[in-house]
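Please study the structure before reading each solution.

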Amino acid sequence: MRAARLDITASSRPRLPRHVHLRFDTLREKPIVLAPERVLWPDEISTAILTRCDGQTTVCEMAEDFARDYAAPPAEIEADIIAFLQDWADRLLIEVATGENDAGAQT
């Protein structure tokens, strides 16, 4: 039985689960995401989001960083980040840290 849907919000602190790894493929010179029975090739923006998924940084903080870096409205960026992370959470490729000292359990 599948667990309840994980909803990503502005206060979520996303992280990659233990079974998902963001790496750099030196042969193709591109980032790669390795997950059980899956290989994903994230684009530049996706990679930027995924590298910030450390279980400490909130989605809101990510959006503020991107807004500064790209001179764009934080609310718009936040909505895009949430949509991206929600898709990944629905595919069980993102989890959310639940407490300050949490290693990253799903909520």
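**Exercises on a predicted model**

**Exercise 1.** Determine which residue lies over the face of Trp88, and classify the ring pair of Phe84 and Trp88.

*Solution.* In this predicted model, Arg91 is placed over the face of Trp88, 5.6 Å from the ring centre.
Step 1: Phe84 and Trp88 both belong to helix H3 and are four residues apart, about one turn of the helix.
Step 2: Their ring centres are 5.3 Å apart and their planes meet at 40 degrees, so the pair is tilted.
Step 3: Phe84 is buried at a relative accessible area of 16%; Trp88 is buried at 5%.

**Exercise 2.** Classify the ring pair of Phe66 and Tyr70, and state whether each residue is buried or partly exposed.

Step 1: The centres are 6.0 Å apart with 25 degrees between the planes, and the pair is stacked.
Step 2: Phe66 has a relative accessible area of 5% and is buried, whereas Tyr70, at 47%, counts as partly exposed.
Step 3: The charged end of Arg52 sits over the ring of Phe66, 4.2 Å from its centre.

**Exercise 3.** Explain why the buried residues of H2 line one face of the helix.

*Solution.* Step 1: The buried residues are Val59, Met62, Ala63, Phe66 and Ala67.
Step 1: Viewed down the axis of H2, they fall within an arc of 135 degrees, so they line one face.
Step 2: These buried residues pack against E1, helix H1 and helix H3.

Key: Residues numbered from 1 in each chain as written. Predicted model: local features only at pLDDT ≥ 70, side-chain atom pairs only at ≥ 80, totals over all residues. Heavy atoms only, no water. Buried < 20%, exposed > 50% of the residue type's maximum accessible area, 1.4 Å probe, protein only. Helix = DSSP H or I, 4+ residues; strand = E, 2+ residues; numbered from the N terminus. Arc of directions from axis to C-beta. Contact = heavy atoms within 4.5 Å. Phe/Tyr/Trp six-rings, centres within 6.5 Å; stacked < 30°, edge-to-face > 60°. Lys NZ or Arg CZ within 6 Å of the ring centre and 35° of its normal.
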